[in-house]
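Keep the sequence and the 3D view open while you read.

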Amino acid sequence: MTTKTTERVALVTGGSAGLGLALTRALAERGWRVITDGRGAGRFKEAELPDGVTVLVGDLTDAEHRDRLLAEVTAHGRLDLLVHNASTLGPLPMRPLAEVDVADLQQVWRTNVGGPLVLTSTLLPWLRTADGVLLSISSDAAVNHYEGWGLYGASKAALDHLTLTCAAETGLTAYAVDPGDMRTAMHQDAFPGEDISDRPLPETVVPRLLALLDARPGSGRYRAADVGGEA
Ligand SMILES: NC(=O)c1ccc[n+]([C@@H]2O[C@H](COP(=O)([O-])OP(=O)(O)OC[C@H]3O[C@@H](n4cnc5c(N)ncnc54)[C@H](OP(=O)(O)O)[C@@H]3O)[C@@H](O)[C@H]2O)c1
């Protein structure tokens, strides 16, 4: 593989809203080239992303879309950071496991586990060439057991496991990071009708993620709140 750009390149899934949008903006402001995606084209128009960001509208569970992501990475000629950020809570309102069916399980697994796993495998050669970092956005629900959060939490536990097993198998630096509660559309979906204005904005988590990338400690599971950074 030949390097076509000297700037660092990141692929951040789900960059049209919430944490993915805040991280995409921050990386671009730091001079990174960022490739990002999301299913809704309209959300990207509202987001007004800066120069240096390439948007591919599509669903990460769609193999053809993932092929387009690979083609974009190939066109950039390098990949220094892969962020599995896009995610789903599953059927809303969130419900106890006894009310979850196989179709719900498949939908959540495809988005939160299967898509990221296949994308990681596809992009692994590029990450290894650049000595890059794999960053999966996890949740406290991956390690705690909240009523109604079992399906989502199990998918995040699986994502953590795959991410860190990938590090063990390949030597790649990989992190599963619990960002903590954030004031986003997903959080509002989880707490319908509740005033979530006391939750921190996703922009407050981004400096912690950047601090982690800068410090580059060993692979592992981290809480963003425990990582240094101007929040
Ligand atoms: N918010 C919290 O309190 C909280 C707490 C712990 C962990 N997290 C985790 O933090 C991450 C970011 O969450 P958030 O709250 O920022 O979510 P968000 O505001 O709902 O944003 C999610 C982003 O992902 C995109 N997306 C969703 N499904 C996709 C798919 N199948 N293919 C491509 N893009 C997709 C969305 O755009 P489209 O819908 O247009 O596709 C959007 O850009 C997630 O991994 C979440 O599980 C969040």
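## Basis of the model

This is a predicted model: local features need pLDDT of at least 70, side-chain atom pairs count only at pLDDT 80 or more, and totals for chains, interfaces and linings use all residues. Residue numbers start from 1 along each chain, as its sequence is written.

Helices (H or I, at least four residues) and strands (E, at least two) are DSSP runs, numbered from the N terminus.

## Around the ligand

The shell around the ligand holds 31 residues, and G14, G18, R39, G40 and T184 come nearest. Here, a residue is near a molecule or strand if its C-beta atom, placed from the backbone, lies within 6 Å of it.

By class, the shell has ten nonpolar, 16 polar and five charged residues. Ala, Val, Leu, Ile, Met, Phe, Trp, Tyr, Cys and Pro count as nonpolar, Asp, Glu, Lys and Arg as charged, and the others, Gly among them, as polar.

## Helix α1 against α7

Two packed helices are described by the angle between their axes and the distance between the axes. The axes of α1 and α7 come within 10 Å and cross at roughly 55 degrees. Axes are lines fitted to C-alpha atoms, for helices over the stretch in contact, and angles run from 0 to 180 degrees between N-to-C directions. The angle makes α1 oblique to α7. Angles under 35 degrees count as roughly parallel, over 145 as roughly antiparallel, 65 to 115 as roughly perpendicular and the rest as oblique.

The crossing of α1 and α7 is right-handed. A crossing is right-handed if the near helix is turned clockwise from the far one by less than a right angle, and left-handed if anticlockwise. From α1, the contact uses A22, L23 and A26; from α7, it uses V206, L209 and L210. Two residues are in contact if their C-beta atoms, placed from the backbone, lie within 7 Å. The contact residues divide into six nonpolar, no polar and no charged.

## Helix α4 against α5

The axes of α4 and α5 (residues 150-170) also come within 10 Å, and they cross at roughly 20 degrees. The two helices are therefore roughly parallel to each other. Their crossing is right-handed.

On the α4 side, the contact residues are D104, L105, V108, W109, N112, V113, P116, L117, T120, L124 and R128. On the α5 side, they are L151, Y152, S155, K156, A158, L159, L162, C166 and T170. By class, this contact has 13 nonpolar, four polar and three charged residues.

## A167 and S219

A167 lies in helix α5. S219 sits in the loop between α7 (206-215) and β7 (220-223). How exposed is S219? S219 is partly exposed, because 19 other C-beta atoms lie within 10 Å. A residue is buried if 20 or more other C-beta atoms lie within 10 Å of its own, exposed if 12 or fewer, and partly exposed in between; C-beta atoms are placed from the backbone. A167 is partly exposed too, with 19 other C-beta atoms within 10 Å.

Setting aside residues up to four places away in sequence, S219 touches L164, A167, T173, A174 and Y175. With neighbours within four places likewise left out, A167 is in contact with L172, T173, A174 and S219. S219 and T173 are 46 residues apart along the chain, yet their C-alpha atoms are separated by 5.2 Å. A167 and P202 are 35 residues apart in sequence and 26 Å apart in space, C-alpha to C-alpha.

## Backbone details

Most residues other than glycine have a negative phi, and most peptide bonds are trans. Which peptide bond is cis, with omega near -5 degrees? The bond from L92 to P93 is. P93 is in the loop between β4 (81-84) and α4 (102-129).

E48 has a positive phi, near 45 degrees, and is not a glycine. E48 lies in the loop between α2 (41-47) and β3 (53-57). E48 is exposed, with 7 other C-beta atoms within 10 Å. R216, also not a glycine, has a positive phi of about 45 degrees. R216 lies in the loop between α7 and β7. R216 counts as exposed, with 11 C-beta neighbours inside 10 Å.
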